[in-house]
Amino acid sequence: MKLTSNDKLVMIGDSITDCGRGRPFGEGLGAGLGTGYVSVAAGLLQSVYPELAVRVVNVGTSGHTVRDLAGRWQTDVLDLSPDWVSVMIGTNDVWRQFDQPYIKESHVYAEEYEETLSELVEKTLTHVKGIVLMTPFYLEPNREDAMRRTMDQYGGIVKRIAENHGTLFVDTQAAFDKMLAHIYPATIAWDRVHPSASGHVALAKAFLDALDFSWDGAVKA
C-alpha cells in the first residue's frame, strides 16, 4: 500500500467529489466526507488499514472546473499540507460546452485544461509524497457520442500529464465501461454524470487499486 502511517490525503474535484461534504473542509463524522466515493474510500482505508491512521479531507466543490481549482489551490490544497493529493476534474470543463453552448466564457477547452492541470501538478509535486490523477468520465457507452468523445479526449490529457510527471493514474472511464457493458447508463446516473451508490463504489475501487490497496490490509489476525 502506497499510503503510510499518519498520511493526510486531500481529495479535490467537482460535485462528484463534493457529494455534500462539510465546509470549509470536509472530514470527520457524519456527512463530513460527503456521501460519495471519497467517503467509501476513506471507510475502506480506515477499516482495512486502521493502523495507518490515514486522514482524508474532501475539498470537492460542485460545479467547478480546473480553472476554479487553480483559483483555490493554495487555500484548499497546499495550505492543508497534504502528504497525498487526489484530483478528479474535467466533467464541467466538458459539460459546459454542451449544456451551455452559447455561454462560451464557461467553457474550458482542451488546451487550457491541459496547461492548468499540468501547472497544478508541477507546483504540488515537490510538496507531497504523491498525486493521484483521475480522469473525468461520461456514462455513455457509445464512444462516438459527442460528449463521450470529448470526455475521452480530456481523459487522454489526464493520462498524458500523469505519464509526464510520474503521478499515479486512474482511468475512471474504463472502470465505468465495465459496468456499462451490463447496465443501462441511466441506472447508474440519470444525467450520465452523477453516479449512484454503485457508481461511487466503482470510483472508490479504481482509486484504491491505484494505491495498491489490499483487502488483506497490513493487520493479521
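"Buried" here means under 20% relative accessible area. Keep that cut-off in mind as you click around, and remember that this is a predicted model.

Start by selecting helix H5, residues 110-125.

Now colour the buried residues of H5: Ala110, Tyr113, Thr116, Leu117, Ser118, Leu120, Val121 and Thr124. To see what they pack against, bring up helices H3 (66-76), H4 (91-99) and H6 (146-165), plus strands E3 (84-88) and E4 (130-134).

Next stop, the rings. The structure has four aromatic pairs. Pick tyrosine 113 and tyrosine 154 for one of them: the pair is tilted, with 4.8 Å centre to centre and 45° between the planes. Tyrosine 113 sits in helix H5 and tyrosine 154 in helix H6, so this pair ties together parts that are 41 residues apart in sequence.

Then jump to phenylalanine 137 and phenylalanine 176, another tilted pair, 4.6 Å centre to centre with 45° between the planes. Phenylalanine 137 is in the loop between E4 and H6, while phenylalanine 176 belongs to helix H7 (residues 172-180), so zoom out to follow the chain: the two are 39 residues apart. Both phenylalanine 137 and phenylalanine 176 are buried.

Definitions and conventions:
Residues are numbered from 1 along each chain as its sequence is written. This is a predicted model: local features need pLDDT of at least 70, side-chain atom pairs count only at pLDDT 80 or more; totals for chains, interfaces and linings use all residues. Side-chain values use heavy atoms; hydrogens and water are left out. Helices (H or I, at least four residues) and strands (E, at least two) are DSSP runs, numbered from the N terminus. The expected span of a helix is 1.5 Å times one less than its number of residues. Buried means under 20% relative accessible area, exposed over 50%, partly exposed in between (1.4 Å probe, protein chains only). Contact means heavy atoms within 4.5 Å. Rings of Phe, Tyr and Trp (its six-membered ring) pair if their centres lie within 6.5 Å; planes under 30 degrees apart count as stacked, over 60 as edge-to-face and the rest as tilted.
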